[in-house]
Amino acid sequence: MSESKQIQRIGVLTSGGDAPGMNAALRAVVLAADHYGMEVIAFRHGYQGLLDNDHTPMKPADVMHILQYSGTVIKSARCQRFKEVEAAQEAAANLDALNIDALVVIGGDGSFRGAEHLSAHWGGQIIGVPGTIDNDLFGTDATIGYATAVHIAMDALDKIRDTADAMDRVFIVEVMGRYAGFIGLSSAMAAGAERMILPELQKEKPLTISTIVKHIERTNAIRGEGSYVMVLSEHQWPGGAVALAEQLEAEYHLPCRPCLLGHIQRGGPPSPADRILASELGVHAIELIREGVTKVMAGMQAGNPVAVPLRDTWEKKNPLDSNLLRIQHEIFNPVKKTPRTH
Ligand code: F6P
């Protein structure tokens, strides 16, 4: 590994929607920095802390036993003001006053856009670590928090299935991911849901209520009357799961109940996969700093740590798994009558 210059002090922050595993990533950043002889300054409440000069030194003792908790011990925020040029300039001045050489931003696409914006006004290195339950960043097989969110959604869907089955009801379970259907698709597959309403699919061909009803009827015709569980990504139906359930009951007399998972998907113990991913990527971020690179995301591809240009992470599209979609739509819960080959 070639070091372009001796980095002495790095900054770190968590930004945007918190994701299970952010604490594990923070711990890894602090432990790796300490290992390589660097000091760490953590900014509280994401970019807001950069503007408010709200910071604290972080040593290995400060990150003991935090990896098993979701949330973020250094807090997060969505900082609208950071989009302004003056805000980035202020942040740059604050970073320089603290003699910070490099900044690690743990967050999602909004946080990475903020990092790119800062880089136009600040000469230090900036490394992103993908922390979002949405899994909507290009260049990494998974983002930190995604596996946990899918697990929570699957667990909820399993529980809903028990009661749905007992009363032969339709359930609409609303999951997070306003712009990306990863949580919806994976949890639906993992829990055997009959239908998914996902942003990517809605963009292609929005579902109508009558298409939904036809699918419920076809499903009942194929496998007999029973429960029918639909996974709905948030913001994909006017009025969400509650409105759709009311419409199905009122207009089609289908016994139907809504269930909104909301922020439950961001809490509880991070899954082993997220803790391990966060640990690897946190260390990778520090090692990338030592390599002298900047404006990249520390990602993971096929088990290998990679560096992805920050801008690519939101400009390039991370598509849904087409094989999972095919299996759901053609084999498990056909949305069209598919011909039998024999
Ligand atoms: O981006 C992560 C995420 O959890 C999305 O899935 C969700 O739409 C959004 O954050 C919710 O944001 P907030 O916590 O600000 O309500």
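## Words to start with

Ala, Val, Leu, Ile, Met, Phe, Trp, Tyr, Cys and Pro count here as nonpolar, Asp, Glu, Lys and Arg as charged, and the others, Gly among them, as polar. This is a predicted model, in which local features need pLDDT of at least 70 and side-chain atom pairs count only at pLDDT 80 or more, while totals for chains, interfaces and linings use all residues. Residues are numbered from 1 along each chain as its sequence is written, and side-chain values use heavy atoms, with hydrogens and water left out.

## Around the ligand

Let's begin with the ligand. Its shell (residues with a heavy atom within 4 Å of it) consists of Arg 78, Ile 133, Asp 134, Met 176, Gly 177, Arg 178, Glu 234, His 263 and Arg 266. By type, these are five charged, two polar and two nonpolar residues.

Some of them make polar contacts, meaning pairs of N or O atoms within 3.5 Å. A side-chain N or O atom of Asp 134 is 2.6 Å from a ligand oxygen. For Arg 78, a polar side-chain atom lies 2.8 Å from an oxygen of the ligand, and for Arg 178 the distance is 3.0 Å. On its own the ligand has 400 Å² of accessible area (Shrake-Rupley method, 1.4 Å probe), and the protein covers 78% of it.

## Two domains

Where they meet, 19 residues of domain 1 are in contact with 12 residues of domain 2, with contact meaning heavy atoms within 4.5 Å.

Methods. Polar contact = N/O pair within 3.5 Å; in protein donor to acceptor, adjacent residues only side chain to side chain.
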